[in-house]
2 protein chains.
Amino acid sequence: MIKTTPKSDPQRTLTLRDVSEASGVSEMTVSRVLRNRGDVSEATRERVLEAARKLGYVPNKIAGALASQRVNLVGVIIPSLSNMVFPEVLSGISETLEDTGLQPVVGVTNYSPEREEAVLYEMLSWRPSGVILAGLEHTEAAQAMLARAGIPVVEIMDIDGSPIDSAVGISHRRAGRQMAEAILAAGYRNIAFLGTMMPYDHRARKRLEGFEDALARAGVPLVDREFYSGGSALLKGREMTEAVLHRSPKVDFLYYSNDMIGAGGLLYCLDAGIDVPNRVGLAGFNGVELLDGLPRRLATMDACRLEIGRKAAQIVAGIRGSDGSLTLGGEVIELLPVLQLGDTIRKI
Amino acid sequence: MIKTTPKSDPQRTLTLRDVSEASGVSEMTVSRVLRNRGDVSEATRERVLEAARKLGYVPNKIAGALASQRVNLVGVIIPSLSNMVFPEVLSGISETLEDTGLQPVVGVTNYSPEREEAVLYEMLSWRPSGVILAGLEHTEAAQAMLARAGIPVVEIMDIDGSPIDSAVGISHRRAGRQMAEAILAAGYRNIAFLGTMMPYDHRARKRLEGFEDALARAGVPLVDREFYSGGSALLKGREMTEAVLHRSPKVDFLYYSNDMIGAGGLLYCLDAGIDVPNRVGLAGFNGVELLDGLPRRLATMDACRLEIGRKAAQIVAGIRGSDGSLTLGGEVIELLPVLQLGDTIRKI
DNA sequence: CTTGCGACCGTTACCGCTAACATAGTGCAT
DNA sequence: ATGCACTATGTTAGCGGTAACGGTCGCAAG
């Protein structure tokens with residue numbers, strides 16, 4: 001039986017057969033040429049490429065993936081894009097995925113476990129060759145799906161918990177402790193916390209836990225705390241700072257759950273003529289680039305975002321690290337954030 | 001012929017057949033249940049759903065898409081994620097796509113036409129049901145691919161040019177002109193421009209063109225200009241502002257190509273004790289949320305980002321707008337940005 | 001003159017799912 | 001009883017590629 005394609009419709013989307021007919025070889029040979037696989041003579045290779053180019057053929061990866069059982073996609077699931085934190089992780093991921101033939105596909109959950117589950121389901125239904133997702137907390141169904149998927153799963157950002165497969169991140173509890181210790185060492189004793197209210201921002205919660213833990217060990221209670229949700233973080237930082245300083249005048253240190261509200265607080269203090277870091281000290285978390293432009297350098301901790309992205313991508317792609325190490329799965333990689341004192345914690 | 005699946009391997013990825021065997025109906029019926037299509041009795045529906053749930057079945061969209069020739073993906077191609085502008089457009093897109101069954105898939109070009117072409121090729125090879133991409137400037141090959149693809153194509157952000165299919169955006173030339181007129185009306189006459197150097201940021205270029213055009217018509221030349229690339233925008237804004245004000249002391253207005261460097265400039269001026277807006281006026285572009293937290297409100301123009309995302313998604317999804325209008329393709333929708341004078345242009 | 005082998009290219013049988021059509025049962029008016 | 005409309009389910013034939021294997025041809029070695 002000879003199959004032919006109707007020449008009539010010029011806008012039909014092209015298939016391998018079109019290229020094969022145009023170049024006088026079999027579909028298989030065209031496929032081989034376009035994938036650079038198997039032996040094809042230089043002459044036919046060029047003939048095929050020429051035909052494909054002229055026709056404007058774009059391969060159908062759907063068919064290809066179904067036939068080969070291989071998909072060059074990696075699902076990346078993150079809580080938010082408006083955070084500046086996650087785009088940076090993404091950079092790390094796509095950067096190292098670039099020369100592996102793998103491609104990241106991003107899904108956003110808005111910090112909702114249910115949305116995460118839905119996004120994950122959708123992604124797995126495209127049979128990606130790996131999944132990278134933020135955090136260690138997921139719905140039961142999501143965990144089951146991941147465990148069943150039979151692909152590398154890397155949970156990033158956080159390592160305080162038990163991963164499904166691999167994990168790359170920092171210990172937020174330890175980060176909170178470290179910051180508390182630095183603050184105590186600088187002599188501050190009336191400390192307040194300002195942060196997000198999001199019930200599902202587990203990492204911010206863990207930082208606060210570590211922070212309070214270290215304070216408690218030194219016998220220093222948290223003097224005040226203030227939470228927010230939504231809105232412009234910079235503005236919220238201003239407002240919350242004003243509120244706390246009015247409500248608790250004796251407060252001498254403000255620990256923010258992220259740099260953005262910390263920056264807002266810093267701007268407020270400078271505006272209000274408050275002596276930073278002597279009257280009040282400030283610290284944030286993340287080490288965002290934005291801070292470089294501020295009048296004073298906010299104390300913060302770098303969360304190793306780029307490096308987390310890189311390592312996670314390496315695991316999914318099965319790449320050796322720069323040190324020659326190969327992570328096969330089931331490993332936990334802890335990165336160590338660096339404390340940057342900046343200009344908003346007084347030197348001892 | 002009776003097909004059976006080997007029960008041996010418990011980690012084999014599941015197919016419709018597994019669910020069909022587990023629930024005692026044909027694959028087709030399972031397919032119908034899972035897609036909510038066609039008539040299925042309540043009894044079998046529940047039996048099937050139960051079996052699917054218990055097995056942890058995740059459909060294979062690759063096979064489904066190939067068979068049905070329908071893919072619920074929309075390709076979205078943008079220059080950058082670290083700009084805050086594009087995530088907001090994305091929000092608009094995903095928000096309106098949410099209840100259409102369509103799903104956005106994001107690709108990033110880093111302002112490189114070649115990367116855009118590569119990303120587009122990759123995307124089209126997944127046969128999405130629509131493409132949304134930033135700007136009207138693309139490589140020839142990219143334009144050809146889009147024209148051949150036979151799907152809705154929406155070019156966003158900019159309308160100063162000729163679109164392939166549909167376009168939603170603002171006129172950046174006009175935006176530049178409007179800002180120039182407002183600045184002139186406020187009495188400023190020694191105006192400088194500070195912006196990105198990226199050769200492929202066509203929209204910034206067009207704004208500058210419109211800006212200079214309006215100045216020229218009033219017989220006012222641009223006194224100075226300064227370009228940057230890379231680095232922290234806020235910091236660059238500070239540095240560039242300092243450089244310009246030193247080099248051209250008579251400058252009385254600084255027009256920035258985006259709000260981020262504008263904010264840096266504003267912080268510099270406040271630090272340096274420069275009287276804003278009397279000694280020097282400032283204006284940016286975009287209306288980013290960040291600005292709300294600044295000590296003074298920077299003059300800017302809202303670029304209608306959310307609305308652009310929404311409209312673009314509506315076109316791709318074939319949804320009626322809130323006014324009942326239905327865009328079929330080939331239309332250009334111009335949105336009108338709103339000038340916000342803020343506190344950095346003196347009132348007349 | 002075979003034989004063997006590698007380079008090159010074609011044939012066949014799927015991949016997992018769905019469109020389209022076919023079939024069996026059921027109730028109801030004729 | 002007969003036919004018909006309608007519901008609920010099954011059967012068949014692909015979708016557009018690719019893995020695996022088969023064939024052909026030219027040429028050097030036996």
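By class, the surface near DNA strand C is made of 11 nonpolar, 9 polar and 3 charged residues. Here Ala, Val, Leu, Ile, Met, Phe, Trp, Tyr, Cys and Pro count as nonpolar, Asp, Glu, Lys and Arg as charged, and the others, Gly among them, as polar. This is a predicted model, in which local features need pLDDT of at least 70, side-chain atom pairs count only at pLDDT 80 or more, and totals for chains, interfaces and linings use all residues. Residues are numbered from 1 along each chain as its sequence is written, with chains lettered from A and ligands numbered from 1 in the order in which they are written.

A residue is near a strand if its C-beta atom, placed from the backbone, lies within 6 Å of it. α4(B) gives the largest share of that surface, 5 residues. Helices are DSSP runs (H or I, at least four residues), numbered from the N terminus.

Now DNA strand D. Its surface has 11 nonpolar, 10 polar and 3 charged residues. Of the 24 residues around it, L16(A), S31(A), A63(A), A67(A) and S26(B) come nearest. α4(A) gives the most, with 5 residues.

Last, the helix pair. The axes of α2(A) and α3(A), residues 42-55, come within 10 Å and cross at roughly 85°; axes are lines fitted to C-alpha atoms, for helices over the stretch in contact, and angles run from 0 to 180 degrees between N-to-C directions. So α2(A) is roughly perpendicular to α3(A), a label for angles of 65 to 115 degrees.

Conventions. Helix = DSSP H or I, 4+ residues; strand = E, 2+ residues; numbered from the N terminus. Parallel < 35°, antiparallel > 145°, perpendicular 65-115°, else oblique.
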